[in-house]
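Thanks for coming. Please have the sequence and the model open.

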2 protein chains.
Amino acid sequence: MDALEKLKALSKELELINAAVATMAWDQRTYMPPKSAGTRSEAIGYLSTIAFKKFISDETGEIIRELEKEDNFNRLDENEKAMVRIAKREYEKAKAIPPELFQKFTITASKSETVWEQAKKNNDFKSFQPYLEELLEMLREMAELYGYKENPYDALLDKYEPGITTRKLKKIIETLKAELIPFLREIIEQKGKTDPSILYGRFGKKAQEKLSIRALKAIGYDFEAGRLDETVHPFTISLGAGDVRVTTKYDPHFLQPSLYGTFHEGGHALYEQGLPEEFKYTPIYGAVSLGIHESQSRMMENMVARSYEFLKFFYPEIKKVFPKQFGRVSLDRFYRAINHVEPSLIRIEADEVTYNFHIMLRFELEEAMLNKSLEVKDLPRAWNEKIKEYLGIEPQNDAEGVLQDVHWANGMIGYFPSYMLGNLYAAQLFAKAEEEIPKLRKNIEKGNVAVLIEWLRENIHRHGKKYLPEELIKISTGEELNPEYFIRYIKEKYTKIYEI
Amino acid sequence: MDALEKLKALSKELELINAAVATMAWDQRTYMPPKSAGTRSEAIGYLSTIAFKKFISDETGEIIRELEKEDNFNRLDENEKAMVRIAKREYEKAKAIPPELFQKFTITASKSETVWEQAKKNNDFKSFQPYLEELLEMLREMAELYGYKENPYDALLDKYEPGITTRKLKKIIETLKAELIPFLREIIEQKGKTDPSILYGRFGKKAQEKLSIRALKAIGYDFEAGRLDETVHPFTISLGAGDVRVTTKYDPHFLQPSLYGTFHEGGHALYEQGLPEEFKYTPIYGAVSLGIHESQSRMMENMVARSYEFLKFFYPEIKKVFPKQFGRVSLDRFYRAINHVEPSLIRIEADEVTYNFHIMLRFELEEAMLNKSLEVKDLPRAWNEKIKEYLGIEPQNDAEGVLQDVHWANGMIGYFPSYMLGNLYAAQLFAKAEEEIPKLRKNIEKGNVAVLIEWLRENIHRHGKKYLPEELIKISTGEELNPEYFIRYIKEKYTKIYEI
């Protein structure tokens, strides 16, 4: 067997183990009975470790070295070269951290999450502080081991969004702030123009489920290659090619979370369902990055499902399922309700104008903590100041402030920016799609979302993991990541809605 | 780490892999979307092979040899000794078959199953015949490799019901036939005494599900450590300690399959839920044999749930869920309906009097084929003759005759007897329970099935895999397997019902 075959065989083994782990993880968060928890964690941990050990073995290094030899490498086609490149990148990342440090980090993160849960409940940042300090200390060590050019934070960013740097992010954020903070102020002045109250009321769970299924069908989700189930914290997960599952949550008094949550997860799922069959079981099967993944979900949730055009087609479906609630509500009123902008404290409930500010402040704070220009003990104060500055509001307590997200408790520093990048990629991609697809908005109005999905398949999905996020954006839009698309999208849409 | 610790560590690894495989298998038969099938089969196959290879490694042999050394062995307690014994038995079985033969067998069985499906559909035994011949040829070879004292069939039996022999089975069957064939004739003469027609009608799926959940609760199934889901071919599966799941099937026009299928699977599940926590992750965690497993399901389905006493308590529940269907039906009439005896062609639909005859004929035919006293080409004729002899009926075609079960197509020869043994064990155990539990039937009448479950926990479940089936029966009932208990149970019950 030559080295390429060996690489593919290894990749297949890892994907089969991952398929097992993903199946267990999906079940754990949907149907698993409580007394199964102990064994399930052990089984997931055990199989993940098997896969990890297999991947970081010397044999993997040997295969990669063999494939990198000039004679061998030159004989490969473009896809095969990408396989070697990606395998090498991931191998080096995995090897960079000594197993003892990695294990210590995992254990600390796990304890930290438990402490954070209590801290959030008791509104007690102090009890959580030493854990965050310890995690940051280890993350600094890990950043050194991963390596970086300019800023230790770059090393962590690179895990989630390869190629992006702190410097680039700061520049983007500067642009966004300059344009959007004043624009948000203008919106707030026009407050009465939107009214989300019609989205609150009584919404039967079965009916919400029915609507969520229709929502997924409307955007082209393939139910032969997935399912929709209920969970507590919604997610999308691939259990292997041909099996990408969506979950959602039904709030009996508020329609938005299940309906728009489903569009969001559906966007993630369409990406995974669109990955090229020919890459299956190779190192380039998969999503490019968290940010690109998020671009697919945000585009579907916001640019598509929150557009007037889409609702022209889909709002009648909503009315059919909830005739009492919306029978007398005009499309215009519904459209405004679903696009209501209002500064709020909780990130996951934020609208598309304010959302990025939640990310910026997290990015600025975590970067400062990592580089010790902010001490952990001063974090709550810094948080409250920033959210006041950006959104004009202040948390009553840390539970609705600095303690709201699990990410830091889990040691996921460098993760948040991918949410913001997702929004920016989405706007840039959607602008390009509008340019290239004749009458895109007209098509969407007729329920033909398929033209957009085809475009995404062709320009994003079919490449699998072949490119870095920035390369992919350049290939698909002809231009580097440019926040102006997002700014333009927001301004055009909300200038109309708020009649600014 | 000493050898015992090594054995336990190995056993834990195998159980964690099995938990993953079981989760995937459960999902495959309940919720998996169709396009997932390919990856799922590969993942299950891959992980099963990992576990198998790990188990048959030289290291395992070394651990067992080390533990068997007199000095070491004598230091072990009774449970630990059983661990070594069971591990050795399973290791030797697994090592007996060369991997090439095993793989060839697996592939042939898989092809054979596909061919059988078509053959059954087209009522075409001829197309299936060469596959069965090939499988039998390999099974003869495997029997030689496993080894046996008297009859090659013993080697196959031993895989499913360790310790049982062809000789013992034949003697049991002789007794059963002598007593039950004439008794069945008497029942048939009293035909009008029972009428199952009230069990047919319209039974909403949601209501059936509700009733199945109540049925499981009534027999003490723990929903914190399991769930009930719908499937095509009902089964019970353990996804690890604390997670034993039941499945059932809802026929919208016939109540019996879901309700009594649920009692049956519930009996299996109670066994697995009752396994001792202290044996978790060791070689003695698990069920003794298929036959003992079946004794638990048959006892719950027939001796408990089909008893007058249980229905006195549970029939009101059935009425509550289906007031239209049973509002005016007396307990007596329902009891007779659910215990209706009638020779029929399909094993899985058979009542408790005729069921064993379906097994006997399969046993006699498969034993004869293995030993070449019956040629495969003559199997359909032999089948039809035997079913005529035992039950007085004849299939119209092979689909409802010799082709009805998947077992032979799958190469599972030696499996069927465990169904019959289950019935016999159940009767013997239940007789002992009646002897030892004060007022067992009175308790059941009051819905207190728990006293019986406690007895089973104490006498069967808590031993895990420690003993051979025959040893366990002797320990728990004080006597060797004796078919007279089953005969007595059947005669007492049906003499009353049919007023013989």
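Start with His268(A), which lies in helix α11 of chain A. By helix I mean a DSSP run of type H or I with at least four residues, strands being runs of E with at least two, all numbered from the N terminus. Before going further, the conventions. This is a predicted model, in which local features need pLDDT of at least 70 and side-chain atom pairs count only at pLDDT 80 or more, while totals for chains, interfaces and linings use all residues. Residues are numbered from 1 along each chain as its sequence is written, chains are lettered from A and ligands numbered from 1 in the order in which they are written, and side-chain values use heavy atoms, with hydrogens and water left out.

Is His268(A) buried or exposed? His268(A) has 11% relative accessibility, so it counts as buried. The cut-offs are under 20% relative accessible area for buried, over 50% for exposed, and partly exposed in between, with a 1.4 Å probe and protein chains only. Not counting residues up to four places away in sequence, His268(A) touches Thr236(A), His293(A), Glu294(A), Gln296(A) and Ser297(A). Contact here means heavy atoms within 4.5 Å.

Glu294(A), one of those partners, sits in helix α12, residues 290-304 of chain A. Glu294(A) counts as buried because its relative accessibility is 8%. Apart from its neighbours within four places in sequence, Glu294(A) is in contact with His264(A), His268(A), Ser418(A), Tyr419(A) and Gly422(A).

Now the record. The UniProt annotation "binding site", from an unreviewed entry, covers His264(A), His268(A) and Glu294(A). They span 31 residues in sequence, yet no two of their C-alpha atoms are more than 8.7 Å apart, so they gather at one spot. A caution on these annotations: positions are in the numbering used here, feature names are shortened, and an annotation may be inferred rather than shown by experiment.

The unreviewed UniProt entry also gives an "active site" annotation, which covers Glu265(A). Glu265(A) is found in helix α11, residues 256-273 of chain A. With 9% relative accessibility, Glu265(A) counts as buried. Its contacts, leaving aside neighbours within four places in sequence, are Pro234(A), Phe235(A), Thr236(A), Val246(A) and Thr247(A).

What else packs against α11 in chain A? The buried residues of α15(A) do, and they also pack against α13 (308-321), α14 (323-326) and α22 (484-497). Helix α15, residues 331-338 of chain A, is mostly covered, with 6 of its 8 residues buried. These are Leu331(A), Phe334(A), Tyr335(A), Arg336(A), Ala337(A) and Ile338(A).

Helix α13 of chain A holds Glu309(A). At 19% relative accessibility, Glu309(A) counts as buried. Glu309(A) touches Arg441(A), Ile444(A) and Glu445(A), again not counting residues up to four places away in sequence. Glu309(A) and Glu445(A) are 136 residues apart in sequence, but 4.4 Å apart in space, C-alpha to C-alpha.

Next, a helix crossing. The axes of α9 (residues 166-189) and α17 (residues 379-391) of chain A come within 9 Å and cross at roughly 70°. The two helices are therefore roughly perpendicular to each other. On the α9(A) side the contact is made by Lys177(A), Ile181(A), Leu184(A) and Arg185(A), and on the α17(A) side by Glu389(A), Tyr390(A) and Leu391(A). The axes are lines fitted to C-alpha atoms, for helices over the stretch in contact, with angles from 0 to 180 degrees between N-to-C directions. Under 35 degrees counts as roughly parallel, over 145 as roughly antiparallel, 65 to 115 as roughly perpendicular, and the rest as oblique.

In chain B, two loop residues have positive phi without being glycine. Asn123(B) has phi near 55° and is in the loop between α6 (99-122) and α7 (125-146) of chain B. Asn123(B) is partly exposed, at 34% relative accessible area. Lys439(B) has phi of about 50° and is in the loop between α18 and α19 of chain B. Lys439(B) counts as exposed, at 65% relative accessibility.

Last, how the chains relate. A rotation of 180° with 0.0 Å of shift along its axis superposes chain B on chain A, RMSD 0.0 Å. The two copies are thus related as by a two-fold rotation axis. The superposition is by least squares on the C-alpha atoms of residues with pLDDT of at least 70 in both copies. Of the residues of chain B, Ala20(B) comes closest to the axis, at 3.0 Å for its C-alpha. In the interface, 100% of the interface residues of chain B are also interface residues in chain A, so the copies meet through the same surface.
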